[in-house]
Amino acid sequence: MGGSARRRRRPPLPLLVPGVVAVGLLALPVVGLLVRVSWWTLASDLTSPVALDALRLSLVCSLWATGLSLLLGLPLAWLLARTEFRGKSVVRAITVLPLVLPPVVGGVALLLAFGRDGILGRPLFDWFGIQFTFSTAGVVLAETFVAMPFLIVTVEAALQVMDARFEEVSASLGAGRWATFRLVTAPMIWSSLVAGAALTWARALGEFGATITFAGNIQGRTQTLPLAVYLALEGDERVAVALSLLLLVVSLAVLVALRGRWLGAWRT
Amino acid sequence: MNLVADVDVRLDGFHEDLHLEVGEGEVVAVLGPNGAGKTTLLRALAGVRPLTAGRIVLGGRVLDDPERGVLVPPDSRSCGLVFQEHLLFPHLDALANVAFGPRRQGVSRADAAAVARDWLGRLGVADVAYKRPRQLSGGESQRVALARALAVGPRLLLLDEPMAALDVSQRPVVRRMLRDHVGGSGISCVLVTHDPLDATALADTLVLIDGGRVVQRGTPAQVARRPASRWVAQMMGVNLLTGQVRDQRLDLGAALTLPVPGAPDGEARAVVALRDVVVSPVEPAARPVAPQGTPRATRWSTRVLTVQPIGDRTVLGLEYPVGLQADVPAERAGGHRWVEGMTVRASVDPGDIELFDSSAD
């Protein structure tokens, strides 16, 4: 009995070696980052005007992007999960495209749509004076573009798994659509809703490619944390490392929070 | 009639077309195999699946009439819904589940809680008021689900396989509870089930459907005594024998005749309860006996084709006559089991054969 247990515990070598290399590949950069952090100047590095501007802008923009994703993505997720319509597969493909699209391409596409000469950007500027390029609104738009799919995909999956007959029972008890969503659907998919929002926020916070392409890199207006890291790397590497550490800590916090509490709270 | 429904629904190649009437306080059981259209019917009545054609009228109010463009949404239909899986809202305790409906009708929080407490009490589950659904037993959650549906004072109660998720020991209890609280309440009730036992125990009227059509309707006794087809007979747990009566014997073909004293000559159908088919094993050495009748008990030998244990009983499907089933104790004398392919001797007492003239219906 002891023999068989021991045999089972030792993994096969041909799998063990690549496995260890893989972990090393993923872990080593993080270690490299940690050993280069200059801990004694960390506080001053993180409170430099450039860092504070970037931090403030990142928080504001990523929260706006998350809010916008909830406002627009939640209804879309519901429509995808609960209704039948023509071209649904096309709509679904469009919603997940930003997940696989290189962010720089997303930025170029946004430029062509919402830029000064874009199909929607030109009339917006000509008639209302609204400009997305080189503006904070552009950062929010770019972050929403790349991050909203995380919310849609997570929430739609939760709605698919949830038995739609709960909503039918709710209706039979006199609850209208909105009351049903508020009192039955939302509480039942709450864990996925929170997880989706957290993923969306984390993705928006880390957004780089689409932002720099579409909104530019102006301190205090469009320079978010990742952009500041990139710029600082050219000049003051210490600041770049300090800001990277900050983003790493935030990412880890999201990861831990999602694993611990929110995933799979209650099931029926 | 409280409910008059002409249900015509077409979806993905399936066409349901049936007429249903339910009186005030009447319990109608819709009985049919999987895929017969039972759930489609319930969904149409609840308003979740709009009709393609036809009309649904509940208490004089038109709920669905595609021709006139009328479609009352589910939340203003006054139809209570109870599903097989009970579907209590998992994030609310039992009391809040029952209070959900009254709250949506604009009742204050305190009054809704009082109404909910009252209903839980009536169904004998007042003590689980503050438990979450996952802490409840099957029987308890069934009662809470029923209380939730009744608490809004529905005009029509729709029950979808209310027993299927319960273990066998719970079923008689819940069946009695349903009869007490649904039958006596004056609420019209449509019960959908594939279990004839539930249907006959609870319903005033049975409607048997298959392939989206009504096959037969009547009181449980009528349907059991005069099943319209072998399939209906099977659903009702009886055998339907069809054949020719000649010289006071029912000829079932292939040399098997059963005595039917006093019956006139001609086409005839007869019903024999599963329990009235007596089966005894034949020793393997004995040669199969050719079917032959005697004036009193008729005995013939045949083979067992199927063995289906149900609790302490077993239902045997016999090779001959085709489709005949017998309900026998699970264990024969001496602890032997029934096995497929074994040769048995079957008999039916002439007094247990209930003849009816098929042309009379």
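pLDDT is the predictor's confidence in each residue, on a scale from 0 to 100. Contact means that the C-beta atoms of two residues, placed from the backbone, lie within 7 Å.

This is a predicted model, so a word on rules: local features need pLDDT of at least 70, side-chain atom pairs count only at pLDDT 80 or more, and totals for chains, interfaces and linings use all residues. Residues are numbered from 1 along each chain as its sequence is written, while chains are lettered from A and ligands numbered from 1 in the order in which they are written.

Confidence in chain A, then. Its mean pLDDT is 89, and 94% of its residues reach 70 or more. Helix α1 (residues 2–9) of chain A scores lowest, at a mean of 57, and α8(A) highest, at 95. Over residues 262–268 of chain A, pLDDT stays under 50. The model has 12 contacts beyond four places in sequence for that stretch.

Now the helices around α8(A), residues 136–161. Helices are DSSP runs of H or I, at least four residues; strands are runs of E, at least two; both are numbered from the N terminus. Axes are lines fitted to C-alpha atoms, for helices over the stretch in contact, and angles run from 0 to 180 degrees between N-to-C directions.

Take α5(A), residues 88–100. α5(A) and α8(A) pack at about 120 degrees, axes 8 Å apart. They are therefore oblique to each other; under 35 degrees is roughly parallel, over 145 roughly antiparallel, 65 to 115 roughly perpendicular, and the rest oblique. The crossing is left-handed, meaning the near helix is turned anticlockwise from the far one by less than a right angle; clockwise is right-handed. Among the residues in contact are A:Val96 of α5(A) and A:Phe145 of α8(A).

Next, α6(A), residues 103–114. Its axis comes within 10 Å of that of α8(A), and the two cross at roughly 125 degrees. That makes α6(A) oblique to α8(A). This crossing is right-handed. The contact includes A:Leu110 of α6(A) and, again, A:Phe145 of α8(A).

Over to chain B. Domain 1 covers 3–231 and domain 2 covers 239–360, with bounds from an automatic or database domain assignment. Their centres, taken over C-alpha atoms, are 38 Å apart. Five residues from domain 1 of chain B and six from domain 2 of chain B make the contact.

Last, the interface: 18 residues of chain B are in contact with 17 residues of chain A.
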